[in-house]
Structure formats: structure tokens, C-alpha cells
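I open this notebook to record what I looked up in one model.

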Amino acid sequence: MDKTWNNKAWFLVLPVLVLVAFSAVIPLMTVVNYSVQDTFGNNVFFWAGTEWFEELLSSSRFWEAMTRNLIFSFIILAIEVPLGIFIALNMPKKGWGVPVCLVLMALPLLIPWNVVGTIWQVFGRNDIGLLGYYVNALGIDYNYVQDPFDAWVTIIVMDVWHWTSLVVLLCYAGLVSIPDAFYQAAKIDGASRWAVFRYIQLPKMNRVLLIAVLLRFMDSFMIYTEPFVVTGGGPGNSTTFLSIDLVKTALGQFDLGPAAAMSLVYFLIILLLSWVFYTVMTNYDAER
Amino acid sequence: MGGANERTERNAMNGSAATEGLASALSHSDLDRRMRRRGEESRWWWIVPTLYIIVLLLPIYWLINMSFKTNAEIVSSLTLYPHAPTIGNYVTIFTDASWYSGYINSITYVVMNMVISVAAALPAAYAFSRYRFLGDKHLFFWLLTNRMAPPAVFALPFFQLYSAFGLIDTHIAVALAHCLFNVPLAVWILEGFMSGVPKEIDETAYIDGYSFPRFFVRIFMPLIASGIGVACFFCFMFSWVELLIARTLTTTDAKPIAATMTRTVSAAGMDWGLLAAAGVLTLIPGALVIWFVRNYIAKGFALGRV
Amino acid sequence: MNFDLTWMAWTWPTAAFFATILLLLCGMAVWEYAAPGGNPRVGILRFETTRGDRLFLSLLGSAFIHLAWLGLVGSNLWWALALSVVYAIGVFRYV
């Protein structure tokens with residue numbers, strides 16, 4: 001649609017601008033201010049320069065949390081995206097099954113995040129949880145409270161359980177937009193199931209898949225509540241992701257300076273990712 | 001859209017060219033059998049979704065199961081269904097003010113946030129969908145970054161900000177804080193729906209002498225009613241599931257139910273049954289709203305502005 | 001309600017930093033007003049960028065240059081600043 005050039009449209013955007021500025025710009029400015037100062041409370045601040053940033057960039061704790069976060073994001077993507085596509089391909093296209101599937105599948109998305117954590121905290125326990133009990137009954141030693149590997153498995157399974165539906169819904173939305181005629185043509189040609197997927201379904205899902213990958217990457221990069229409830233970042237520090245580390249510093253110890261420096265670095269990374277996301281999306285749309 | 005269709009069609013044709021020789025070599029009966037086999041395959045379509053849904057529902061079932069058990073039963077042995085079903089846990093929640101007020105608090109700030117977000121987003125989305133203006137693309141991008149920003153980054157400054165304004169532990173504080181990610185979300189969803197409305201409708205209305213506010217409320221909003229519904233749904237959803245900021249900004253009077261739950265978890269002597277019952281009750285609002293928007297969920301997600 | 005801003009802990013350097021950003025944005029608006037259209041072109045990133053995009057890339061890149069300098073070299077940020085200016089010129093010239 002060709003849009004008219006009209007700078008008065010700014011007035012329509014004004015409410016949003018004021019609202020978001022209040023809840024985004026002022027806090028961000030505050031973070032910048034804190035990040036160069038030290039405080040002992042009571043709003044008394046001392047100039048600290050770039051000390052916090054230097055400390056942060058040379059601390060192994062920060063880089064370990066970052067590495068864990070990246071590994072986590074990549075595992076999540078490698079599982080959720082193929083699984084999501086597979087399930088979406090097998091969803092019914094019409095009939096009573098569609099609303100039932102959609103509603104049931106979207107259910108995990110609507111559970112408050114800490115309740116998701118609680119559900120899995122209970123479900124995985126080897127004394128009172130269905131999963132933990134039967135996995136142990138099978139002879140596999142599984143205890144997410146003590147074993148870092150088990151903790152990772154639990155958190156990854158939980159995230160797959162929680163978010164695969166998002167990928168399914170996105171892919172499904174892409175799939176239903178394919179006209180029936182395409183499938184009929186393929187049928188007449190005797191195209192294999194793979195050919196149908198490769199040449200008809202995948203190209204149609206391109207855009208939504210891109211959205212799914214980027215959304216899942218960014219959301220898993222800032223995951224906080226669910227692993228915090230399940231493992232509290234432990235055992236040891238094995239599941240301490242960036243957000244968990246940040247909240248520990250900021251609200252647990254109330255170390256304003258280091259927390260602000262960490263927030264800023266974290267935010268810059270997210271900003272870069274968002275920009276990549278936005279650029280890829282808009283250019284993809286423009287190409288079409 | 002047209003371009004994409006063409007490209008896909010061309011791809012499909014390439015695919016067909018490759019299989020053409022094969023297809024013509026097959027006799028008609030072969031082709032029939034092939035097609036029948038594919039028909040048979042589709043009779044088993046329900047297996048994968050059903051398995052997936054069972055996996056999704058198992059942990060939820062376990063929570064519901066636990067909520068109807070007594071603590072003694074939970075701790076003593078693993079039972080697949082409550083042998084001595086009790087609604088005691090729910091009774092506790094509905095009679096103890098510190099529990100049920102959590103629900104009231106959560107719903108209060110979620111609804112406030114929904115109203116504020118959608119009301120502010122409506123004119124902005126209209127501006128983005130109809131006009132070009134100075135810096136529009138960058139403004140749009142800036143909104144996106146707020147949707148993507150980690151709540152952990154904002155938890156601390158929010159606490160300081162709302163303390164300074166004396167808004168800590170009020171519903172409006174949480175509602176305003178959640179606007180950070182819900183307003184951009186609402187703008188994007190609504191913009192997507194508004195772009196689908198032909199511009200001629202606006203022009204005709206202006207020619208007929210409608211003023212902008214009257215046109216917007218009387219003609220335009222009914223046209224995008226489903227979009228408003230979807231935007232409300234997503235605002236509800238993200239405000240409902242968010243805990244970090246809500247917990248940071250509240251202490252007692254506006255404490256969300258989710259935070260009430262964490263407090264009980266850390267208390268000495270886990271009351272598993274009560275915890276499970278509280279968890280089950282948090283599932284209900286989500287399940288209800290999702291039923292109302294079931295036909296639009298897929299579309300809402302696919303707009304790519306979530 | 002009080003409008004006591006001590007909690008924001010303003011300092012001169014950070015205030016100057018935000019003032020600079022604000023001035024840059026105003027400058028961009030004036031530039032846009034004087035020569036509308038944003039001078040879109042396809043640079044080395046192989047997609048169309050406007051001068052707003054180039055400003056954003058310069059600022060974000062500068063932030064990362066400063067961080068890298070702090071992490072790898074030392075705390076004398078004037079060199080990082082100089083490097084950032086060179087980088088920004090490069091961005092405006094080639095991207």
C-alpha cells in the first residue's frame with residue numbers, strides 16, 4: 001500500500017511514545033548513570049569511571065554465563081525448530097481437529113512462567129514427580145537437584161515442552177496459506193513426500209520459520225524465570241544464565257554499579273540481535 | 001504475495017519437471033495406487049498431534065492430580081490418581097485472603113495493562129499503517145527493541161523509578177511497567193490488521209464528512225475488531241505470564257499470585273498440594289481466553305509481530 | 001509524588017553523553033528536513049540503508065568498540081573514541 005507522507009502522524013504516535021519513553025528511556029538512562037558510579041546506598045554515589053565494565057569483561061563468571069546461554073540457545077533451536085516443523089506438517093488442515101489441536105497446543109504458552117517452572121520442578125522430582133520417579137525406576141540415575149547434566153536435561157526438556165508450540169503455530173500458519181491446487185498438482189506429478197515438503201511447503205514457511213528461529217533465539221537468550229524456579233541456577237553455577245546472574249547481582253546483592261554495567265552489555269547484545277532480526281525481516285519482506 | 005506465489009509455483013514446476021518422466025512412465029493403475037496410499041497415510045494424521053498433545057498434557061495432568069491429593073498422600077507414595085481426593089487445597093486458597101487476593105491483584109493489573117496498551121497502540125498503529133513520517137522506520141525499530149529487551153535489565157531501574165514516584169506495590173506500577181513490551185506488541189499486531197483494510201474506506205469516510213475521531217471509532221474500529229481482540233489476547237498473555245518485573249515492583253498489596261506461590265515454595269515445609277492447586281488456578285484464565293481467540297491465534301502469530 | 005531526581009544519579013559525563021545523542025538525533029531530523037528521503041543506497045552490506053540506519057550502526061558499533069577496547073587494551077578510552085569516529089566515517093561512507 002502506498003502511504004501518504006504526513007508528519008502530523010507524529011501526534012497519533014505521541015501516546016505510545018510518552019508511555020514507552022517513561023518505561024524504557026528513563027530506566028535506560030538510569031542504568032547508564034549507575035554503570036559509571038559506586039554507591040553505598042541512600043542515593044550517595046561516587047564516580048567509578050569504567051571500573052565496572054573492566055571488571056565485568058575480565059570476570060570469568062560473566063563469560064561462563066554467556067557461554068552457557070549461547071549453548072542453551074543453540075540446543076533449544078536444534079530441537080524445537082525441526083520438531084515444530086514436523087508436528088505442524090502433521091496437523092489437520094480442516095475439521096473439528098483444528099481448534100482442538102490449536103487450543104491444546106497453545107496451552108503451555110499461557111501458563112505463567114514460574115508456574116511452568118513449578119510444574120517441572122514437581123514433575124522431575126524423583127520422589128513425588130511422575131517423570132523423575134519412572135526414569136529412576138528404569139534404572140537411570142536421574143536427579144536434577146544434584147547432577148548438572150540432569151539439571152540441563154530438565155531445563156531443555158522444559159523449554160521444549162514450553163515453547164515448541166510457538167514454532168508449531170507459526171509453521172502451521174504458513175502451511176494453511178498454501179492453496180490446495182499446489183498439492184493436487186504435486187499429486188498428479190507423483191511427487192514424493194519429500195519433494196512436496198522441499199518445493200512447496202518449505203518455501204511457503206520461509207518467513208514464519210525465520211520469525212520462529214529469531215524469536216526463539218532471543219527469548220531463550222533472556223530466559224530467567226523457568227530455570228530459576230527449577231534449579232535456582234544450580235547445582236553450583238551450572239545453570240546460571242545471564243539473566244539469573246544479573247538479577248542476583250542487581251536485586252539480590254543490590255550492587256547497582258556492576259549490575260548496571262552488566263545490564264548495559266547485555267542490552268547492547270540484544271540490541272544488535274534485534275537489529276539483525278529487524279533488518280533480515282524487512283529485507284525479506286521487501287524482496288517479496 | 002504475488003511474487004512469492006510465482007516463485008513457489010516455479011519451484012513446484014521444477015520439481016514436476018524432474019518427476020515428469022517418472023510420472024508418465026507409471027501406468028494409471030500405479031498412479032491410482034500411489035494416490036490411494038497417500039490417502040491411507042493421511043488417515044493416520046492424528047498420531048503425531050495426539051502424541052504431542054499427550055506429552056504436553058502429562059505435566060499439567062500431574063499438577064492437577066497433585067492438587068486434589070492430601071500432602072500425606074503426595075509424600076508417602078507415588079499414586080497415578082488421587083486415592084483419597086480432596087478439595088481441601090482449593091478451599092484453603094478461596095478462603096485465605098493472602099491467596100485469593102493474589103488472583104485479584106494479577107487480574108487487576110493485567111486488565112489495566114491490556115486497556116492502556118491497546119488504547120495507546122490504536123492511534124499509533126493507524127499512523128504506522130497509513131502514513132509515512134519523519135523517522136517512522138526507526139521509531140518502529142525502537143519499539144521492537146523494547147519488546148526484545150530482557151526484563152532482567154529493567155528490573156533494577158524500574159524498582160528505583162517507581163520508588164521515586166511512590167508507586168511501588170500498586171497495580172498501576174505493574175501495569176505501566178508491562179507496557180514496556182506490550183505496547184510495541186499491540187502496535188505491531190494492530191498495524192498488521194490495519195494494513196489489511198483498504199485505504200479507500202478512510203477516504204470515502206472523509207469525503208462523507210466524518211471527522212477523524214468519529215471515523216476511527218464508528219467505522220474503523222469495528223472493521224478491525226478481530227485485530228483488537230488478538231492484540232488484547234497477546235497483551236493479556238504476556239502480562240499474565242511475566243513474573244520478574246511484577247514481583248520486583250510489588251510487596252504485599254499488589255502481589256501477583258505467581259509471586260505468592262514462590263513465597264510458599266521457599267517457606268519451611270513444602271505444602272505441595274496447596275502449591276499445585278494454586279498453579280492449577282493460574283492455568284484457567286489462560287485456557288479461557290485462548291478459547292475465545294482460537295480462530296485467530298495462528299494468524300496473530302504469523303503476522304510476525306509477536 | 002515527588003520529582004526528586006537524585007535516584008537517577010546524574011553525572012556530568014553521562015549527561016553530556018545523552019545530550020550528544022539528543023543533538024545527533026536533532027541533527028538527523030534537520031538533515032532529513034533539508035534533504036528528505038534519507039539518501040537510501042545499497043552499500044557493502046548489500047541491502048538498502050538510509051542515513052538513519054547508518055547513524056544507528058555507527059553508534060552501536062562504537063559501543064562495541066569501546067567495550068572491546070576496555071576488555072582487550074585498557075581503560076584509556078580516548079583512543080577507542082578516535083577509533084569509533086574513524087569507524088563512523090567509514091560507515092557513513094561505505095555502508
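Entry 1. I looked up A:Val81 and found it partly exposed, because 18 other C-beta atoms lie within 10 Å. The scale I used calls a residue buried if 20 or more other C-beta atoms lie within 10 Å of its own, exposed if 12 or fewer, and partly exposed in between, with C-beta atoms placed from the backbone.

Entry 2. I noted the basis of the work: this is a predicted model, in which local features need pLDDT of at least 70 and side-chain atom pairs count only at pLDDT 80 or more, while totals for chains, interfaces and linings use all residues. Residues are numbered from 1 along each chain as its sequence is written, and chains are lettered from A and ligands numbered from 1 in the order in which they are written.

Entry 3. I placed A:Val81 in helix 3 of chain A, residues 60-89 (helices are DSSP runs of H or I, at least four residues, numbered from the N terminus). Beyond its neighbours within four places in sequence, A:Val81 contacts A:Val167, A:Ala212 and A:Val213 (contact: C-beta atoms, placed from the backbone, within 7 Å). I also checked A:Val18, which is 63 residues from A:Val81 in sequence and 37 Å away in space, C-alpha to C-alpha.

Entry 4. I turned to chain B, which is divided into domain 1 (47-86) and domain 2 (96-302); such bounds come from an automatic or database domain assignment. The C-alpha centres of these two domains of chain B are 32 Å apart. Their contact takes eight residues from domain 1 of chain B and seven from domain 2 of chain B.

Methods: Two residues are in contact if their C-beta atoms, placed from the backbone, lie within 7 Å. Helices (H or I, at least four residues) and strands (E, at least two) are DSSP runs, numbered from the N terminus.
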